[in-house]
Amino acid sequence: MPAEVTEGFKEIRGVIVRLATVTVADHTVEQVLSYDVAEAEAAYGRPLDDEMDKHIQLGMFAIDRIAADGTLHKVASATSYVLDGKCIRTAKFEQQEG
């Protein structure tokens, strides 16, 4: 089955976050969220730290729950890293019966 990739941008807690979602057979199989570290630092008025990242991350999780539209997913693997000034989070999902 072909995969469909959708991309969009949302403002989450004062920071523009890029969302890319990979869907196969109407099921989300992977999601990548990223934001610009310099933009986050400017919005919060301090260098990126774990507390700031957690605050933004919790907003991302809220958006993800809304986007999941009631479908339950189990995260099979997740990574988070900073690369070239971007904080990037990737999650791969297993479909669960809900």
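This is a predicted model: local features need pLDDT of at least 70, side-chain atom pairs count only at pLDDT 80 or more; totals for chains, interfaces and linings use all residues.
**Notebook: a first look around the fold**

I started with the surface: the protein has an accessible surface of about 6,400 Å², and 53% of that belongs to carbon and sulfur atoms.

Next I looked up how much is tucked away. Of the 98 residues in the protein, 27% are buried.

Then the layout. I found two helices and five strands in the protein. Reading from the N terminus, I get the order β-β-β-α-α-β-β. I also checked the contacts between residues at least 6 apart in sequence: 42% of them join residues at least 24 apart.

**Entry: S2 and S3**

How do S2 and S3 run relative to each other, parallel or antiparallel? They run antiparallel, and eight bridges join S2 to strand S3, which covers residues 27-36.

**Entry: Thr23**

I stayed in S2, which spans residues 15-24, and went to Thr23. Is Thr23 buried or exposed? The cut-off for buried is under 20% relative accessible area, and Thr23 comes in at 19%, so it counts as buried. What does Thr23 touch, once I skip its neighbours within four places in sequence? I noted Pro2, Ala3, Glu4 and Thr28 as its contacts.

**Entry: two loop residues with positive phi**

I looked up Arg13 next. Arg13 sits in the loop between strand S1 (3-12) and S2. Its phi is positive, about 50°, though Arg13 is not a glycine. For its accessibility I read 38%, so Arg13 counts as partly exposed.

Then I jumped along the chain to Asp84. Where is Asp84 found? I located Asp84 in the loop between strand S4 (73-83) and strand S5 (86-95). Asp84 is not a glycine either, yet it has a positive phi of about 50°. Its relative accessible area is 74%, so I put Asp84 down as exposed.

**Last jotting**

My picks to revisit in the viewer: Thr23, buried in S2; Arg13, partly exposed; and Asp84, exposed.

Methods:
Residues are numbered from 1 along each chain as its sequence is written. Side-chain values use heavy atoms; hydrogens and water are left out. Helices (H or I, at least four residues) and strands (E, at least two) are DSSP runs, numbered from the N terminus. Buried means under 20% relative accessible area, exposed over 50%, partly exposed in between (1.4 Å probe, protein chains only). Contact means heavy atoms within 4.5 Å. Accessible areas come from the Shrake-Rupley method with a 1.4 Å probe; for residues, only the protein chains shown count as cover. Two strands pair if DSSP finds at least two bridges between them.
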